[in-house]
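Here is a short briefing on local backbone geometry and a ligand shell. Please look over the model before reading on.

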Amino acid sequence: MGFFLSFFAINAIYQASEGEGVHIGTPQVFVRFQGCAIGCFNCDSIDTWDFNTGERLSLEQVLTQVIQQGGDRFKRVSITGGDPLHPKLLPQVLELTKVLKRKGYWINIEAAGTRVVDELFDAVDYISFDYKTPSTKVRTNPALIAKLAVQFADKFQVKSVIENRLDYDDTVKAFGFVEEMLSKDAPSTKKFPWVLTPAFNLGESMPLNRVLDVISWNENDALGFRVITQQHKILHGSEKKKV
Ligand code: SF4
């Protein structure tokens, strides 16, 4: 009989189609953990910050909800937050990952761009890693992205929220830094997807001009980024949860 953690700090478990990044449009179950200490300025999930709120569920309760939400139709889970890599949540996330993998689930982890956790990244199928731009007022060390490219080739994407030209220019700079590091230290490293996500802030309606600007900057420079908008916000508005 294995040892199981006594509870999981959960904000929500729900089924929806992926709204952003390279897997956009794919139905999956989201397991949203409760708790984040990163404090992005333009966070759209402030309700996930407080480690002391949300639900306290047993492993069995989490699994029951995942199975109910996905049914027999798909075994695909995205673990998100909050900050599922925070040391307070990490043991819970590792435990859940282990059990879901044993049951045959495909797992994506949403990583905030501040930590690489080898044990977890080895265990999941895909890593969605943020590069935090100046508008978030949080920094991502580009060396972490170079590390992912070497260690987790073919199973990660980088996502940058682009609010304005400053964010775009900063992302281009980080991209150049990563390319330079890789060309020096690991020249055979494969290309990886880096997605520009035009910001769609709480309370805004569809920011068409911002999206068109980001598309045009990207077309002009043609550095290999992809511009992918937040489809769930276009469809449901910027504030609706569980979509
Ligand atoms: S890491 Fe995610 S949940 Fe935490 S503050 Fe940033 S956007 Fe919000």
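This is a predicted model: local features need pLDDT of at least 70, side-chain atom pairs count only at pLDDT 80 or more; totals for chains, interfaces and linings use all residues.

A cis peptide bond links Gly81 to Gly82, and both glycines are in the ligand shell. Positive phi values occur at Ala222, Lys137 and Asp154.

**Ligand shell**
- Around the ligand sit Cys36, Ile38, Gly39, Cys40, Cys43, Ser45, Thr48, Gly81, Gly82, Asp83 and Ala112.
- By class, the shell holds 5 nonpolar, 5 polar and 1 charged residue.

**Cis peptide**
- Omega of the bond from Gly81 to Gly82 is near 10 degrees.
- Gly82 belongs to the loop between strand E4 (76–80) and helix H2 (90–102).

**Positive phi in loops**
- Lys137 has phi near 60 degrees and is not a glycine.
- The loop holding Lys137 runs between strand E6 (126–130) and helix H4 (142–151).
- Lys137 counts as exposed because it has 11 C-beta neighbours inside 10 Å, and the cut-off for exposed is 12 or fewer.
- Asp154, also not a glycine, has a positive phi of about 75 degrees.
- Asp154 lies in the loop between H4 and strand E7 (156–162).
- Asp154 has 7 C-beta neighbours inside 10 Å, so this residue counts as exposed too.

**Helix H6**
- H6 spans residues 208–221, which makes 14 residues.
- From first C-alpha to last, H6 reaches 20 Å, close to the 20 Å expected at 1.5 Å a residue.
- Ala222 follows H6 and has a positive phi near 45 degrees.

Technical notes. Residues are numbered from 1 along each chain as its sequence is written. Helices (H or I, at least four residues) and strands (E, at least two) are DSSP runs, numbered from the N terminus. The expected span of a helix is 1.5 Å times one less than its number of residues. A residue is near a molecule or strand if its C-beta atom, placed from the backbone, lies within 6 Å of it. Ala, Val, Leu, Ile, Met, Phe, Trp, Tyr, Cys and Pro count as nonpolar, Asp, Glu, Lys and Arg as charged, and the others, Gly among them, as polar. A residue is buried if 20 or more other C-beta atoms lie within 10 Å of its own, exposed if 12 or fewer, and partly exposed in between; C-beta atoms are placed from the backbone.
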